[in-house]
Amino acid sequence: MIPHNDQDDQLYRLLAAVAMQDRQAFRTLYDATSAQLFGFALRVLHREELAEEAVRDAFVSIWHAAPGYQMHLAPPLTWMVTIVRNKAQHIRRRAHAGDGSLDVEAADGLADPSSGPSDPAQLSHDARALARCMETLASGQRQAIGMAYLHGLSHDEVAERLDLPVGTVKTWIRRGLVRLRDCLAQREAA
Amino acid sequence: MILRDLPALRNSPALRDRLAAEYALGTLRGGARRRFETWLRDDPALRDVVAGWQERLAALAELDLPTAPPARVWAAIERRLDPAAIPPRTPWWQFWHCDVARPWGVLAVGACAAWLVLALSKTMPDMAPQSRQIAALNDAQSHTALVVTADTARGRLDVRVAEEVHVPTDRTLQLWAITRTGKPRSLGILPGNRSTDLALDARAIDPDVALLAISLEPKSGSPDPTGPTGPVLYKGSWANL
């Protein structure tokens, strides 16, 4: 239950107040996180009106789910990102199945890490470490992990999009994740 | 198939890590995902491995350029929330709500807490002073939400909850004593989430108690006997009267 940095600590206090239906704290929480979450939703959905819908649905869920939030299971931002990701993937599946207007092929996978915030100082310690470690992955590994995480694709779906055997995709993802974990652990230890 | 084999999962850290990673990534699907979720329920260490992966992957969201959403997004969120959730204003003379102190900041809030303590001490004139300890529990903005009084002579712990405290219907407030080493001890849940009179547990007023805290928990209290699982809402420490 002990927050491990200042941002977590601030978000945790806000979530605790939101759990008690404090609207003002909810607004502060929105102001502190919505730009990051909207940027993320844009990457998953590529279309502004869909990303707006994802952020709107996610914050309504955050308001209702805050009393059940458990600090020891996930830091506040991780918890909120997971909610936005679920909403965005739901919208993505719907848009893809419905009018087919969502261009799922465009910009699939993880963008070049250098396309993120131009100032690395804007990133948290964790995100900076992750960006560095993502760079150490082979581009295929990075792309496959990104397609699975951001777009909610299965091994089969990633294989189909990349026109590769499923076995290859499974191996790429598995090796990429192991490499990511080891790289992050090394940076943590350093 | 290896995924059906529970002992293999228990004994192989590499397999645990691989399945946890794929679970967090979302590529563990169908029957394998459902079986993994059954194991998760009984295996807290495995839950920690999953949480580690969720945290690593969630940092991916930060690599995107932050983009402020248009104002209509917030307006739509507000429309979707129950308007009744906005608490009504309380009359100025209801000092125990502490609303009156808010515009004047921390100083006035401190005065408000002191006022509460004074008011409570005057309402209990028949007690020997050395038998009472009192704690004002505040939220992160230093607003007093609860006042707890320990009365060793009567063996009671009196908990007064400010009326402005609105607890979601499926949740309950739980009172904890936190020791100097950071170990929480449950002192009980507040029935109906309103002011109440609990049996005084000697561990509540032990000299090693550094803090009292209130957490928000499921109806029957924290499922974890060793500490709160929900958010800690209010904190405060004992003062002798």
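Student: What percentage of the 190 residues in chain A is made up of buried residues?

Tutor: Buried residues account for 44% of them. A residue is called buried if 20 or more other C-beta atoms lie within 10 Å of its own, exposed if 12 or fewer do, and partly exposed in between, with C-beta atoms placed from the backbone. The structure is a predicted model, in which local features need pLDDT of at least 70, side-chain atom pairs count only at pLDDT 80 or more, and totals for chains, interfaces and linings use all residues. Residues are numbered from 1 along each chain as its sequence is written, while chains are lettered from A and ligands numbered from 1 in the order in which they are written.

Student: Which secondary structure elements does chain A contain?

Tutor: Chain A has eight helices and zero strands, and its order from the N terminus reads α-α-α-α-α-α-α-α. Both kinds of element are DSSP runs numbered from the N terminus: helices (H or I) need at least four residues and strands (E) at least two.

Student: How do you know that the length of helix H3 of chain A agrees with its number of residues?

Tutor: The expected span is 1.5 Å times one less than the number of residues. Helix H3(A), residues 48-65, has 18 residues and should therefore span 26 Å; its end C-alpha atoms are 25 Å apart, which agrees. Buried residues of H3(A) include Leu50(A), Phe59(A), Ile62(A) and Trp63(A). Their cover includes helices H1 (6-19), H2 (23-45) and H4 (76-97) of chain A, together with helix H5 (71-80) of chain B.

Student: What makes the crossing of H2(A) and H4(A) right-handed?

Tutor: A crossing is right-handed if the near helix is turned clockwise from the far one by less than a right angle, and left-handed if anticlockwise. H2(A) passes H4(A) in the right-handed sense. Their axes come within 10 Å and cross at roughly 35 degrees; axes are lines fitted to C-alpha atoms, for helices over the stretch in contact, and angles run from 0 to 180 degrees between N-to-C directions. Among the residues making the contact are Leu37(A) and Phe40(A) of H2(A) and Val84(A) and Ile91(A) of H4(A).

Student: How many residues of chain A are in contact with chain B?

Tutor: On chain A there are 56, facing 45 residues of chain B. Residues are in contact if their C-beta atoms, placed from the backbone, lie within 7 Å. H2(A) gives the largest share of the chain A side, ten residues.

Student: What makes E4(B) and its neighbours paired strands?

Tutor: Two strands pair if DSSP finds at least two bridges between them. Nine bridges join E4(B), residues 171-179, to the antiparallel strand E7(B), residues 209-218, and five join E4(B) to E5(B), also antiparallel; both counts reach the limit, so both are pairs. Thr179(B) stands opposite Val209(B) in E7(B), and Ala177(B) has Arg185(B) of E5(B) as its bridge partner. E4(B) and E5(B) form a hairpin with four residues between them.

Student: Is E4(B) mostly covered or uncovered?

Tutor: E4(B) is mostly covered, as seven of its nine residues are buried.

Technical notes. Contact = placed C-beta atoms within 7 Å.
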